[in-house]
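Dear colleague,

Please find the structure below. My notes on it follow.

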Amino acid sequence: MTLLIQITLAAALILSIIVPFGVYLVGERNEGRYKKTIGVNAFFFFGTMIIAAAVMLVGKVNVLADAGNGITIGAGMAYLAAALVTGLSCIGGGVAVASAASAALGAISEDSSILGKSLIFVGLAEGVALYGLIISFMILGQL
């Protein structure tokens, strides 16, 4: 039964790539086709991910707290927390740098004397990622 589910999920993922191209190529030639294509892609992809998550949670769970290699559930959660802290802070820092750097470039093109001030804002935005990395080191240092 699980092989059938795996094949179905793999087919749905492949369809999430192929079907939007069909919508893009066959659809009307207007500005709305881009949004429609992205919507179809997101629907198939996230739908497949939700179904895959539901399938993973069904059935017997055979996990021991300590499988003989010294890693406990608490250590696993710490690793997961460190990964989440680092990943999410880097995403946030990337978003902040994208908007701060583009605004800084626009401002510098108008008046080149504000280069130092604009670099400070870009550096502060990059600091968000560094703070997340420091917190993840603090979490891993507790193990």
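Buried here means under 20% relative accessible area, exposed means over 50%, and partly exposed is in between (1.4 Å probe, protein chains only). This is a predicted model, in which local features need pLDDT of at least 70 and side-chain atom pairs count only at pLDDT 80 or more, while totals for chains, interfaces and linings use all residues. Residues are numbered from 1 along each chain as its sequence is written, and side-chain values use heavy atoms, with hydrogens and water left out.

Ser-136 counts as buried because its relative accessibility is 4%. It lies in helix H4, residues 115-141 (helices are DSSP runs of H or I with at least four residues, numbered from the N terminus). Leaving aside residues up to four places away in sequence, Ser-136 touches Ala-82, Val-85 and Thr-86 (contact means heavy atoms within 4.5 Å).

Ala-82 is also one of the buried residues of H3, which include Ser-89 and Gly-93. H4 is part of what covers the buried residues of H3. Helix H3 (residues 73-110) has 38 residues and reaches 55 Å from its first C-alpha to its last, close to the 56 Å expected (1.5 Å times one less than the number of residues).

Helix H2 (residues 32-56) has its end C-alpha atoms 36 Å apart, which agrees with the 36 Å its 25 residues should span. Its buried residues are Arg-33, Thr-37, Val-40, Thr-48 and Ala-52.

Phe-45 counts as partly exposed, at 35% relative accessibility, and Phe-46 as exposed, at 52%.

Regards

Note on methods. Helices (H or I, at least four residues) and strands (E, at least two) are DSSP runs, numbered from the N terminus.
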